[in-house]
Amino acid sequence: MTERIGVYVCHCGTNIAGVVDVAEVSRWAGKHLAAQGVVVSRDYKFMCSSLGQELIQKDIKELGLTRVVVAACSPHLHEKTFRNASKGAGLNPYLTEMVSIREQDSWVHTDKAAATDKAKAILAGGVARVAHNTELEPLRVPIHPATMIVGAGIAGIQAALEIADAGYHVYLVEREPSIGGHMAQFDKTFPTLDCAACILTPKMFEVGSHPNITLLTWSNVEKVDGYIGNFTVTICKKARYVNTDTCTGCGICWEKCPWKVVDKVFEAGMGSRKAIYTPFPQAVPKYPVIDRENCAYFKNGKCKACQIFCPTEPNSIDFNQKDEMLEVQVGNIILATGYQLFDATRIPQYGYGRLPNVFTSLEFERMCNASGPTEGKIVLRDKKTTPKTVVIVHCVGSRDENYNKYCSSICCMQSLKYAHLVMERTGAEVYNCYIDIRTPFKDYEEFYKRVLEEGGNFIRGKVAEITDVARTPNEEGKLIVQVEDTLIGKQRRIPTDMVILSAGIEPRHDAKEVGKQFGISCGASGWYIERHPKLDPVATMTEGVFIAGCVQGPKDIPASVAQGAAASARVLGKIQQKEVALEPVRASINENQCSGCRICNNLCPFNAIAFHEDRMVSEVNPALCQGCGTCVAACPAGAISGTGFSNEQILSQIEGLLLVNVDGNLTEAVPG
Amino acid sequence: MTAKPKFAMYWAASCGGCEIAVLNIHEKILDVDANFDVVFWPVAMDAKYKDVEAMEDGSILLTLFNGGIRNDENEHIAKLLRKKSKILVAFGSCANEGCIPGLANLISTKEIFDTYYETVSTDNPDHIRPQPEYKMPEGEIHIPTLLPVLKTLDQVVDVDYYMPGCPPESHQIAAVIDLVVQVLQGKAQLPPKGAVIGAGNSTVCDECKRTRNAKTIKSFERIWNIAPDPSLCLLEQGIPCNGPATRSGCNARCPTAGAQCIGCYGPAEGVVDYGARLISAFASVLDAKEPEEIDHILDGLVDPTGQFYRFNLAGSLLKAAVPAWKAESTHEKEKA
């Protein structure tokens, strides 16, 4: 044994020391792991503090340590800290290992003696492993200064403006004909009730005219290749059938188009548009698109009304336009693709789609909007009758074991907003059926109080059913909401004219596939997983790919904007560094051992594996590889190895854990 | 004329196929005779253990040892031959990794006897069991006793070279004999100690001519249930072929003939646990997402141990199932 190993056991205040006898673990390691190369073993209150780090650095210099093992929290938190500390003392950072005796031990056990024994075993594993660690150097790659942002809702818009204002180029990709996202559909925004369009459209125009932003609406990302700093993105710019160089957005074409289509996207099915259209008057860009499926010319070759009436010279309508493939180079990517509304027809007992006067939240938003289908009038499905009673049902599809378990976070406040708008505009009686009212952010609780004072009724209970089958004369011709009022312990039947279902929000139906395209994954509920839920909420496990807004989880406008800005700050940080150091933990294939069985070929979530037909071997591109280890585990020939995770390292760590070859065995190192 | 170097071959717990494979090298066997003095080879010539015991330590140049260490006789001869041999080769799958006899490590020796002497197909009305010792008028006689687990040769003694295969292919045996002869004539060097000889360094796929594509497995098929495409990778057709993890050296005989590789050449270079590697590899390419779907596909592997550990159980990381292990640790303690 030539290595000189230092062992450092952290108390983490009482986090570890409250359960594990850290002094004993340190003493034991110094004595019983001496044969494994341990020359010094210490415990300290907070190893991660400057004093703790200096302790390690001092030992490296004075005792000539060649390896360091820190038994503390999860490496996720402090691996960098301790590796940097070692580096500061002249030791290659990858010769320092962390073992977790907090998350994997003290936090999950109550039996102090057993937890102390377990800490010894975990530590022995780390000591056995570290002897096989090798010196590694990070890979350095340059960063392309341009950024791609996918999704031009408020989060994407905010991020694009921040980066563009800082002087760097942005490609903003949006699959709809206009930017704006869901926010453009809303009328008022809680809790201040300012008009969504009034605060959003200035930002939209800024995006549309910004010299540093290339706006690609009506476009899809087809393919993403590359890695942080060097992504090559293929974008399909769908044919608009409108020449944007000559079009002035005058609107004559959609005025003259004789084909009306129900607008299921922007108007949520509440209104119609033409076959050539912009989704809304303030659309950015101002150029319309032709909806091929509903255009008479594309269906039977006749009509051409838009072309005939187009006043520009040359004519801006071009029926021969083709989809265009663009390839752009970017250094970083922000995904801000937002959410979709929970489909309320999935809860049949709520009658949406069957009972005409049951509306979804998005339908109601459109109804309230001055430029919407009813010009802001709150009326029943007949578009004339003003309701006298309105019931707002909270948590539709959220906090529900049958649909989504999570809280959609926006529904309480949007429901309160609806209650206010209904009372203000119609004077109708309003009932809110809620499970809990959650108003945790700035001025939200005050808004709740305001709605209470305005005379809103609140029933604490989950709605069982919405029906039009009357039991009593006063229920005739009404919708009846059956709900248990848990505060008075009684079933109630509330006759009403209108019901608004405050539907929850869900990940986009294609979130998983899109995530795969970008090399990031979804959590159990389908939202993209952030690098750390508290400390790194807009980064992902894939370097150079960031997330912002509702893709990461349900959130309201202020939170989405904050995330858009946060993601752009992260990207700007990367651009400023000009180059990036990649973790050297990478898979590599030993060509002599690879027989080209091709089991690994489809497995790489980062598309880092290429197969060479000529030599019949697979190869890992080290810059694309993120070191996840999937291929290493899958390779049947053992031809793929992961730097930092060699067979020797893993097996010796297992032997250490089982206390094989350790003086003073705690347990029998034999299964059974 | 100087005396010819001495050669020995022994069979422990094995089927005898390795011995046949050696004879199957045809006229090459004459080279063995021409270059070596065969001092001990129970299957081919009469010899007594005491003759071996009387030999000088290290006096046998080359011993090919086939078979696993199943009983105390195997263990005794393994240790004896180690002492007497300069070069000890673990010859064939049993000596290397336990092979079929090693599958008995899944159960205790009691269960082995129960199966052998008491199942319905056995005619044993007096419930006779073999006894390790028996007194007869002429004196007491002994038979070897089973050890709690079958061990590979290198779990018992130090091994110089490993020659895999069940049995090793004759052309490989011939090549190894050629090599040793050349070494004796000073024309070649021995490989470093611990090397695998008489086999390739990659996998069966390397020698298999079938076309391979990026893989997904939708279901596992048994070979007699489908008519496989003769030119396409068997694994891609759902036939659980162990070729990707198995050491090359056999010229991909089975896959070439349309049968899946069952892994007789043992783990490829760099594979630590053969079965675990294959399980991990197969699981990686299952084309299913839902747990029920995955279970359904896996049900297609009717005998997982036989599929993944047919040859390698005794040589795997786990080596044996719990009952056999427990008995082994008791045995070790008693010995100590």
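User: How many residues of chain B are in contact with chain A, and how many of chain A with chain B?

Analyst: This is a predicted model. In it, 22 residues of chain A are in contact with 27 residues of chain B.

User: Which helices of chain B each supply at least two residues of the side that touches chain A?

Analyst: Helix H9 (204-207), helix H11 (274-284) and helix H14 (322-335) of chain B.

User: Which gives the most?

Analyst: H11(B), with 5 residues.

User: And how do the residues on that side of chain B divide?

Analyst: Into 12 nonpolar, 9 polar and 6 charged.

User: Switching to chain A. At what angle do H6 and H15 pack?

Analyst: About 35°, with their axes 8 Å apart. H6(A) covers residues 154-165 and H15(A) covers residues 557-577. The crossing is right-handed.

User: Which residues make the contact?

Analyst: On H6(A), they include A:Ile154, A:Ala159 and A:Ile163. On H15(A), A:Val561, A:Val571 and A:Leu572 are among them. By class, the contact has 10 nonpolar, 6 polar and 1 charged residues.

User: What about H12 and H13 of chain A, left-handed or right-handed?

Analyst: Left-handed. The axes of H12(A), residues 411-426, and H13(A), residues 444-453, cross at roughly 35° and come within 10 Å.

User: Which residues meet there?

Analyst: H12(A) brings A:Met413, A:Leu416, A:Ala419 and A:His420. They meet A:Tyr444, A:Phe447, A:Tyr448 and A:Val451 of H13(A).

User: How many charged residues in that contact?

Analyst: No charged residues there; the contact of H12(A) with H13(A) has 7 nonpolar and 1 polar.

Methods: Residues are numbered from 1 along each chain as its sequence is written. Chains are lettered from A and ligands numbered from 1 in the order in which they are written. This is a predicted model: local features need pLDDT of at least 70, side-chain atom pairs count only at pLDDT 80 or more; totals for chains, interfaces and linings use all residues. Axes are lines fitted to C-alpha atoms, for helices over the stretch in contact, and angles run from 0 to 180 degrees between N-to-C directions. Helices (H or I, at least four residues) and strands (E, at least two) are DSSP runs, numbered from the N terminus. A crossing is left-handed if the near helix is turned anticlockwise from the far one by less than a right angle, and right-handed if clockwise. Two residues are in contact if their C-beta atoms, placed from the backbone, lie within 7 Å. Ala, Val, Leu, Ile, Met, Phe, Trp, Tyr, Cys and Pro count as nonpolar, Asp, Glu, Lys and Arg as charged, and the others, Gly among them, as polar.
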